[in-house]
Amino acid sequence: MSSSQDLTDRRSRLSADQLQRLRERMAGAGGTAGRPAAAAASRIPRGTSDAAPATAAQRGQWFLWRMDPANTAYHVGGGLGFNGALDVQALRSAFAQVVGRHDALRTVLRADANEQLHQHLQPAMASTSGLPCIDLVAVPQAERDAAHQQAVHQVCTAAFDLAQGPLLRAALLRLQPQTHHLLLCLHHAISDAWSVELFLSELATAYAAAVRGQVPQWKDPEIRFLDFARWQHQWQDGAEGQGQLRYWREHLGEDHTPLQLPTDPVRDLSPDGAPAALVVDLPEPLISGLREQARQHQATLFMCLATALHALLFRHTGQSRIRTGLPVANRQRSETAGVVGFLINTVVLQSDVHARMPLRALLQQVQGAALGALANQELPFERVVEALKPPRQGGATPLFQVLFNHLRVDPQAQTEWPGLTVDRIDFGERQAPYVLTLETVEGADGRVQARFRYASHRFEAATIARLAGHYQALLTALVETPAVAVGDVVLLSASETAQLDAWARRGTCPSEVALHHRFEAHARHQPEATALVLGEERLSYGQLNRAANRLAHRLIRQGVGPESRVGLAVQRSFEMVVGMLAILKAGAAYVPLDPAYPADRLAYMVQDSGMALVLTDGDVDVMTAVWAGPTASGDLPLRPGSVQQVSVRDLTLADELDTDPALPASADQLAYVIYTSGSTGRPKGAQLTHRNVVRLLDASAQRFDFGPKDVWTLFHSYAFDFSVWELFGALCWGGRVVIVPHLVSRSPRDFLALLKAQRVTVLNQTPSAFKQLMHVAVQEGSGVAPEDLALRHVIFGGEALEPRSLQPWVQRFGLARPALINMYGITETTVHVTWRRLEAADLEDGGSPIGQALPDLGLRILDSELQPVPIGVPGELHVTGAGLARGYLRRPALTAARFVADPDDAGGGRMYRTGDLARWRADGEIEYLGRIDEQVKIRGFRIELGEIEAQLLAQSGVREAAVLVDQAPAGARLVAFVVPQSGQAVSVDALRHGLAGVLPEHMVPAALQVLERLPLNANGKLDRRALPMPQAGVAPGGEPPQGPVETALAGIWAEVLGIVPPGLVSREADFFELGGHSLAVVQVQARAEAHLGVRLALRRFFELRTVAAQATALAALQPAAAGELDEMDRLMASLEMLES
């Protein structure tokens, strides 16, 4: 049973009186939650000491301040605008009285000799600079606005010094004789929102008394913040505090995967982007409906608003466990009501959402979770983090990344300022400490505003506007159809839907002709034109057509006909092309059997395809391997001779007719079956028709201007569907095909020379193969100048392209000629699906833009419920239109699973589920995000390996990069491989340092290797299985540990990293290259302290990466230091990714 369900069950057992008390506490949930309650257990005693231990929350603030002293995310306050005759001296007197009344306003934080953090009081006015008055009346109007902004900036954004103070800053601006602005800014370490309201209320009271020449009639606060800090320090270790800790352990569990809310392309990874906000007034009928839903479900308006937010986050992330932070005033004890200080706490509101869950069920779950959270709100959030040790993601908050705060405006809170009209002033947003904050503000008149606060470097304003619209759609659904499933709520507005429909719309490219008929037309029109080139040999269109005809007639006489499947097992040669055309002319489909494939795979393909005949060239004896190979599941073993063999070099073929076979050919006939990798371990055969290929050529014609003058290369294996485009793209437009010998395809220098000599105009490459060609082409001594190449188009396909990696090519050859085209596609959708001509911005922005669909294809990006995802939100890419294959040969279940009914096609059309993650960009282009099944998790983080590869490519001197996941003894780790630019050396330490500056710690590879080149497979793609994976925990060679400290530490490393035998750890071995990570570092620290009796700061373990360096630092610690805790280290340990 889930924790959320358990809360619901517990709530159902409460008595009516207990429920009522809980509802009363929930009535102001969020910033106003926890209003003072009369009933409290033991009261907090008032003390007399001027010092106290810092609270857990203050220690967190101290750590954050030490890490980034200039950060303004934790500045609180605001301003008051006065109109009327302001008594400045009375205001100054009132200000001094309020500051003197509250110890927290005169507090600073300091660490003692043992690095324990304490808060200390300063004398009443020594802790502030009073209330300076800045007179802007005499400043010229043209300069006044700038002077005003400068004053606001100085008060609200200047850094605080938590150790020296003051932590309160104020100024009075005189804009006109009767117009003043009071600016007030406090550091969060001594205040919170409640404190600011209390300060301003008491300031008004003191001012009113001062202008009358009186002393305010108020009682001293019942306790001071120092008293609260001492009490909390003891309480959290007592029975009640430990009970609340048990609740949070059980409720939150062990899965702390961060929320992956989609953001816009990041231009700045720093956490201090300019803040921004969108304010939306929720319609009054909607709020009335929400209140009615709350009444019916014994909930509150706050719970309804939180429910919609959790549903929204689920729909935008696809993650089932949703957590938001919920600020609570933490003042349920009556003696805290009049205290200024940092009492506010944050609790975690958790729900487990799935697509089929009714909204009202989610409301019930959120209700139970909220009641449980508020019943356990006193335990400091920092203690929860310290106990649960969740992984940290950069500067993000642990346990939650989105904050929800529900505020209620108290009409009784306004205090009179005699003789003045007073307005609250917002002097701009602070830095955003969270990815996103939603504040819902319930006014005294019952109206509700939704304020979406965000960092502008992570979200575009239009993105937040769409997000707000989706939130409102979920609120509306909760009111009108609470039984509807979360996944069925229509999020998109009519305009969004229309936009996505327009982008997804497809046209038609009528294609009723057979593929070989297109070729035959060119053979008749230009029989003497060169069709094929291989080395010094050439074959004209007429010669090629006649040779294919002779072989086709032989195949027909041997029983080959429409829908037959014929194997093709030949080397790269003219005969390979002859064989392909002959099979098509005979009405059959060719099945590539690349002789380079393993015998087991070839045997399976022969049997699975049901072919009765194989064309060979005599150079390789494929069928001998097939006879010895295993059989497909359920099939009888093949007998030698059961599959006919015909040699394309058979001399008797000369006796066959060389005229085009007079066979009727349908565009819907099968043209080829190409086997691709399958999840079961056996390849699956994708069946493509003539129509599929012909319409690809026709649809592409609208993007290209291919013609008889073009020279193409046949670079890829004919078992890779890229070859279909290379071969027939040329032959069906009357162009020339240069067959690239295998050895030349593996030699970038020889291939570059071929491109120059043959005046190639159209080059098709996988990104991996092109990077190796580029490396040679951009070298000064390559012997090839830009004018030496005739290239018009370089077309990328077959795997994801990172445009940033093409910068060396563009610097030398530019973007105009050749044009660089990225074409996304899959075998099942006939080679290519999209088209995008790369621009200069693509090389700077990162990512993998794949553009828009070819004209006769439709693209949809859908969630798991086949609902369209909003712009910017990742989903699975689906393809519709005439490019879809028939399906998989002899795999009806798999075909039905991947080729699904198109819900938007009344004519019964299909759409193909690609398994690829993508998202719409605001301009209607698509960004490729990677394979769904290639997403990896490292210590709870969902990681796209492509993002790390892109950052490696951005490092100086790196030409190529690949990243893999290795299952090491200490857990999964990332391993990176890089190829340096020609003539440049790459330092592993420099790479790691560079990555650490732009990636969170969990995304920095544990091991990096420098290679001369990355291995490619037969299709020109990166061969990840051939990468030399380092053995985790093994440091070959090296000097053994010396002395007792090094020996002990090496043993600890071996235990933590699972190295057997321990002697493999040398004194110069790098901890992280052996498979270590931040979780393992913490274990080493703890075991070293237990074994050696001294504690080395955690950060030092990160800085000192070898046994020798760490042992030296440990040995240097004096025995007296044993057991002493470095407070900064302890805070780092509580905020880093820790593991028990």
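Let's start with E563: is E563 buried, exposed or partly exposed?

Modeller: Happy to, and keep in mind that this is a predicted model. E563 counts as partly exposed, because its relative accessibility is 30%, which falls between the 20% limit for buried and the 50% limit for exposed. You'll find E563 in the loop between helix 16 (541-557) and strand 17. What makes E563 worth a look is its backbone: phi is positive, about 75°, although E563 is not a glycine. As background, most residues other than glycine have a negative phi.

R759 has a backbone of that kind too: not a glycine, yet with a positive phi of about 55°. R759 sits in the loop between helix 23 (748-757) and strand 25 (762-765), and at 41% relative accessibility it counts as partly exposed.

S573 is buried, with a relative accessible area of 6%. Its side chain makes a polar contact with the side chain of E575, at 3.2 Å.

While we're on backbones, there are cis peptide bonds to see. One joins G165 and P166, with omega at about -10°, and P166 belongs to the loop between helix 5 (141-157) and strand 6 (168-176). Another joins R817 and P818, with omega at about 5°. P818 is in the loop between helix 25 and strand 27 (819-822). For context, most peptide bonds are trans.

Helix 25 (residues 807-813) is also where W809 is placed. W809 is buried, at a relative accessible area of 1%. Its C-alpha lies 6.1 Å from that of M774, though 35 residues separate W809 and M774 along the chain. Then try E844 in helix 26 (residues 840-845), which counts as exposed at 57% relative accessibility. From E844 to P803 is 41 residues in sequence, but 8.2 Å in space, C-alpha to C-alpha.

For a part that is tucked away, go to strand 21 (residues 670-676). Seven of its seven residues are buried, so strand 21 is largely enclosed by the rest of the structure. Strand 21 pairs with strand 22 (residues 684-689) in the antiparallel sense, over six bridges. In that pairing, T676 stands opposite K684 of strand 22.

Now the cysteines. A search of the whole structure turns up zero disulfides. Take C185: the closest cysteine sulfur belongs to C156 and is 5.3 Å from the sulfur of C185, so the two are too far apart for a bond. C185 counts as buried, at 3% relative accessibility. C304 is buried as well, with a relative accessible area of 0%.

Last stop, the cavities. By type, the lining of the largest cavity divides into six nonpolar, five polar and three charged residues.

How values were computed: Residues are numbered from 1 along each chain as its sequence is written. This is a predicted model: local features need pLDDT of at least 70, side-chain atom pairs count only at pLDDT 80 or more; totals for chains, interfaces and linings use all residues. Side-chain values use heavy atoms; hydrogens and water are left out. Ala, Val, Leu, Ile, Met, Phe, Trp, Tyr, Cys and Pro count as nonpolar, Asp, Glu, Lys and Arg as charged, and the others, Gly among them, as polar. Buried means under 20% relative accessible area, exposed over 50%, partly exposed in between (1.4 Å probe, protein chains only). Helices (H or I, at least four residues) and strands (E, at least two) are DSSP runs, numbered from the N terminus. Two strands pair if DSSP finds at least two bridges between them. A disulfide is a pair of cysteine sulfur atoms within 2.5 Å. A polar contact is a pair of N or O atoms within 3.5 Å; within protein, one must be able to donate a hydrogen and the other to accept it, and residues adjacent in sequence count only if both atoms are side-chain atoms.
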